[in-house]
Amino acid sequence: MSLVRCPNNSSHNEFVTTAHEVHDWVVDSDGNFIEDLGCSEIAVAPSIDNIWRCRICGAEAIVMDGFVEKRCWNV
Ligand SMILES: [Zn+2]
């Protein structure tokens, strides 16, 4: 059973929701941004309390009560 599903089509299996990531930046001696080294840890993982939208059709998804794996989405 999926934790998140699209109300329009059960084959839609990609969703957009919010995670708060911690990124390490490379900065110069004045603290100015040079480069983002990417996600180093999760500050707040996506929650079942978030709005989740189907990436395919844009519908607001149905979210089941359950565990959402904590991980960096783009590493
Ligand atoms: Zn959908």
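These legends accompany close-up views of a predicted model of one chain.

**View 1**
The secondary structure comes to 0 helices and 6 strands. Read along the sequence, the pattern is β-β-β-β-β-β. Of the 75 residues in the chain, 11% are buried.

**View 1. Confidence along the predicted chain.**
The mean pLDDT is 86. A value of 70 or more is reached by 84% of the residues. Strand 5 (residues 53-54) has the highest confidence, with a mean of 97. Confidence is lowest in strand 6 (residues 62-63), where the mean is 88.

Strand 3 covers residues 20-27, and strand 4 covers residues 33-44. The two strands run antiparallel and are joined by 7 bridges. V27 has F33 of strand 4 as its bridge partner. Another bridge pairs V22 with E41 of strand 4. Between the strands of the hairpin lie 5 residues. G31 takes a positive phi there, near 85 degrees. Strand 3 has 0 buried residues among its 8. Strand 4 has 0 among its 12.

E41 sits in strand 4. Is E41 buried or exposed? E41 counts as exposed, because it has 10 C-beta neighbours inside 10 Å, and the cut-off for exposed is 12 or fewer. V22 is the bridge partner of E41. Along the sequence, E41 and V22 are 19 residues apart. In space, their C-alpha atoms are 5.2 Å apart.

**View 2. L37 in strand 4.**
L37 is also found in strand 4. L37 has 9 C-beta neighbours inside 10 Å, so this residue counts as exposed. Which residues does L37 touch, not counting those up to four places away in sequence? They are H23, D24, W25 and V26. The C-alpha atoms of L37 and W25 are separated by 5.7 Å. Along the chain, L37 and W25 are 12 residues apart. As for the geometry of strands in general, side chains in a regular strand alternate between the two faces of the sheet.

**View 3. The largest nonpolar core.**
Which residues make up the largest nonpolar core? The core has 7 residues in all: V4, C6, F15, W52, C54, A61 and V63. One member, C6, is in contact with two others of this set, C54 and A61. Beyond them, C6 is in contact with residues including H12, C57 and A59. Neighbours within four places in sequence are left aside here.

**View 4. C57 in the loop between strand 5 and strand 6.**
C57 lies in the loop that links strand 5 to strand 6. C57 and H12 are 45 residues apart along the chain. Their C-alpha atoms are separated by 8.1 Å.

Note on methods: Residues numbered from 1 in each chain as written. Predicted model: local features only at pLDDT ≥ 70, side-chain atom pairs only at ≥ 80, totals over all residues. pLDDT = per-residue confidence, 0-100. Helix = DSSP H or I, 4+ residues; strand = E, 2+ residues; numbered from the N terminus. Buried ≥ 20, exposed ≤ 12 C-beta atoms within 10 Å, placed from the backbone. Pairing = 2+ DSSP bridges. Core = buried A, V, L, I, M, F, W, Y, C linked by C-beta atoms within 7 Å. Contact = placed C-beta atoms within 7 Å.
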